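Hi everyone, thanks for coming. Let's walk through one protein chain together, from the overall picture down to a few residues.

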Amino acid sequence: MKKYKIEEIQNHIRLDKAISELNSDLSRMMIQKLIEEEKILVNGKKEKASYKVKIGDEIEVQEIELKEVEIKPQDIPLDVLYEDQDIIVVNKAKGMVVHPANGNLEGTLVNALMARCKDSLSGIGGEIRPGIVHRLDKDTSGVLLVAKNDKAHIELSNQIKNREVKKIYYALVRGNLKDDEATIDMPIARSKKDRKKMAVDKDGKNAITHFKVIERFQNYTLVEVKIETGRTHQIRVHLSYIGYPIVGDEVYSNGKNPFGVKGQMLHAKSLEFSHPITGKRMKIEAPIPKYFNDILKELRG
């Protein structure tokens, strides 16, 4: 734990900028992460990155212990949907982790990408997240976009930030939704009861999810989901909160899965964005996985 006191030179500047001035060892990306995880407190309380610090404010920074890790390329088959010199778009398999983490340094999408792309991945995400512009949960399958150079990475990140990237998912939920289509506009934050989970919280970040019914079954509904924001576990949290959890979700749903599927039945079906270099509008789609289709056939009888 490191402690700092705001002096006149930092007065009225953003919290994230103040910390970067006080501790040059922390990158802006790391500072943002620490603030989101409430590992940076102002006068003992959490504050947003945009909070304007004042003279006398006491800042506590609980730094993450960084361990040197060696991420090795692994020849793991990838379902590549599109590739050029600037980007690669893959259909991520259910059960595949996107990037390495402590205790899980092999078998990830990043390991596979490093073997395929060699040194052609952007370095903005750091050594354990090369090229990764956005994430999908381990058990969420589908379209995932990767940057091969820093210019492409910055442009794609800006598109995501400005909500210019359109993401469409398919989900099988428990229960019969009352409405054929609706919007869930509820803020999300880390759960106060369980730090490993997210939850709807009036003090959280805004989160907007649109859904439309594709097909109804007895006790289940297939829905198309569009998200305007990309909060952690957003779709899973929102659908569970309104009473229609995703089938197989072991975190946000109670009850056993009658189909024997491990992990949520959520598939990133399409991604629409502007090519980061040419500006051409692109829409990449990933077919629904076989296991998902097999369950839909079973439900249709």
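The chain has 6 helices and 15 strands; here helices (H or I, at least four residues) and strands (E, at least two) are DSSP runs, numbered from the N terminus. Its radius of gyration is 21 Å, close to the 19 Å that the globule rule gives for 301 residues, so the chain is as compact as a globular protein of that length. That radius is taken over C-alpha atoms, and the globule rule is 2.2 Å times the number of residues to the power 0.38.

Before we go on, a word on where this comes from. This is a predicted model, where local features need pLDDT of at least 70 and side-chain atom pairs count only at pLDDT 80 or more, while totals for chains, interfaces and linings use all residues. Residues are numbered from 1 along each chain as its sequence is written, and side-chain values use heavy atoms, with hydrogens and water left out.

Back to the whole chain. Along the principal axes, the C-alpha atoms fill a box of roughly 70 × 45 × 40 Å. How much of the chain counts as buried? Of the 301 residues, 45% do, where buried means under 20% relative accessible area, exposed over 50%, and partly exposed in between (1.4 Å probe, protein chains only). Now for contacts, meaning heavy atoms within 4.5 Å. Among those with a separation of 6 or more, 65% join residues 24 or more positions apart.

Let's zoom in on Asp 137. UniProt, in an unreviewed entry, places the feature "active site" here; such annotations may be inferred rather than shown by experiment, feature names are shortened, and positions are given in the numbering used here. Asp 137 sits in the loop between helix H3 (109–117) and strand E7 (141–147). Is Asp 137 buried or exposed? Its relative accessible area is 15%, so Asp 137 is buried. Leaving aside residues up to four places away in sequence, Asp 137 touches Lys 92, His 233, Arg 236 and Gln 264.

The buried ones are Gln 234, Ile 235, Arg 236, Val 237, His 238 and Leu 239. After H5 comes Gly 243, whose phi is positive, near 100°.

Two more stops, please. Asn 158 is in helix H4 (residues 150–161) and counts as partly exposed at 36% relative accessibility. Asn 158 and Pro 276 are 118 residues apart along the chain, and their C-alpha atoms are separated by 9.8 Å.

Finally, Thr 183 belongs to strand E9 (residues 181–185). At 48% relative accessibility, Thr 183 counts as partly exposed too. What does Thr 183 touch, not counting residues up to four places away in sequence? Its contacts are Ile 208, Thr 209 and His 210.
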